[in-house]
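Trainee: I should like to understand the terms used for this structure. May I ask what stands behind each of them?

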Amino acid sequence: MYRIAVIDVDGNWCFTIKSLFKKSFEVTIFERVPCLLQELFSYDLVMIYHSILPTDSGDNIQGCEIVQCLKKQVFNPPILVLISEFVEGNCLNITRSTCPEADAFFTKGMELDELLNQTQNLIKTKKQKKLESWNHPFIPTVKPMNTIAVVDDDIHWCFTIERFFKNKFEVYRFPTASEFLKQSFDFDLVIVDYSIPHVTNETYIESIELIRYLKNLRYPPLIILASGYVSKNDSALGKKISPEVDAFFAKDSGLDELAYTIKQLLTCDSN
């Protein structure tokens, strides 16, 4: 899931944004600007209030100064969006002129659906540019690998999948749904184990709940539900467990069968 940081002292506005984005993005609110701006590098997009903001050190800083610092300090910075108050077009143009380094300019007077749509478009465009850079005409042999997440507490099973697919896919493993949801990467396909254990001091998320959440995203990944309790002879029963999934895989079917299933899903998805 993509990660968004919002830097603003307006608690009501921040709460509205977090509620609006909760199904599409992981949102972190900063009421004060962190002393180390490097904390913001791990986010995919940062929304910054354009006016004066307090810092953790007790000083104040302008929103445009944060944008300029982030642009200078890192080769590939997050998408940087300046947020203005409820302003008309001319005022927004003034904001643009004071900070041309920002990637976009939003106002708090925007319709919420439009704000969400524009945010999604910004991230989608950045992802597309990244893919295009991977397929540069001067290096035609370099192609991005499809990315797969395996949400399963069986480390031996995860390791086997990782080794089996190492030359075809980038495979990432997560022992619980909560650990998976903490990451910010956008996966092409997710293999979810039907039985995910509960970890102490961690919010428990069932596999079916995770699948429904992923399928409600604007750009959902392909999902395979895997199980060691349902045999390959009962795959139809497995599909009934979660109709939302793109495929069901019984672990006793073997990795060749899993490879075939993944290939079929990715081929259909690209057409």
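Mentor: Let us begin with the surface of this predicted model. The chain exposes about 15100 Å², and carbon and sulfur atoms supply 52% of that area.

Trainee: What share of the 271 residues is called buried, and what makes a residue buried?

Mentor: A residue is called buried because its relative accessible area is under 20%. Buried residues make up 42% of the 271 residues in the chain.

Trainee: Why is strand β8 called mostly covered?

Mentor: Strand β8 covers residues 146-151, and five of its six residues are buried. Those five fall under the 20% cut-off, and therefore the strand is described as mostly covered.

Trainee: Why is the crossover from β8 to β9 called right-handed?

Mentor: The chain passes from β8 through helix α5 (residues 155-164) to β9. With the strands pointing away from the viewer, a clockwise path from the first strand over the helix to the second is right-handed. This β-α-β crossover is classed as right-handed, which means that its path runs clockwise in that view.

Trainee: What makes β8 and strand β10 a pair?

Mentor: Four bridges link β8 to β10 (residues 189-193), in the parallel sense. At least two are required, so these strands count as paired. I148 stands opposite L189 in β10.

Trainee: Which strands form the open sheet, and in what order?

Mentor: Five strands form it, in the order β2-β1-β3-β6-β7, with parallel pairing. Strands β2 (26-30) and β7 (104-107) are called edge strands because each pairs on one side only. The twist averages 20° from one strand to the next.

Trainee: How do you know that β1 and β3 are paired within it?

Mentor: Strand β1 (residues 3-7) and strand β3 (residues 45-49) share four bridges in the parallel sense, and the bridge partner of I4 in β3 is L45.

Trainee: How confident is the prediction, and where is the pLDDT below 50?

Mentor: The mean pLDDT is 81, and 81% of the residues reach 70 or more. Over residues 138-142 the pLDDT is below 50, and beyond near neighbours in sequence this stretch has three contacts in the model. Where pLDDT is low, the predicted coordinates should not be read in detail.

Methods:
Residues numbered from 1 in each chain as written. Predicted model: local features only at pLDDT ≥ 70, side-chain atom pairs only at ≥ 80, totals over all residues. Heavy atoms only, no water. Buried < 20%, exposed > 50% of the residue type's maximum accessible area, 1.4 Å probe, protein only. Areas by Shrake-Rupley, 256 points an atom, 1.4 Å probe, with all protein chains shown as cover. Axes fitted to C-alpha atoms, helices over the stretch in contact; angles between N-to-C directions. pLDDT = per-residue confidence, 0-100. Contact = heavy atoms within 4.5 Å.
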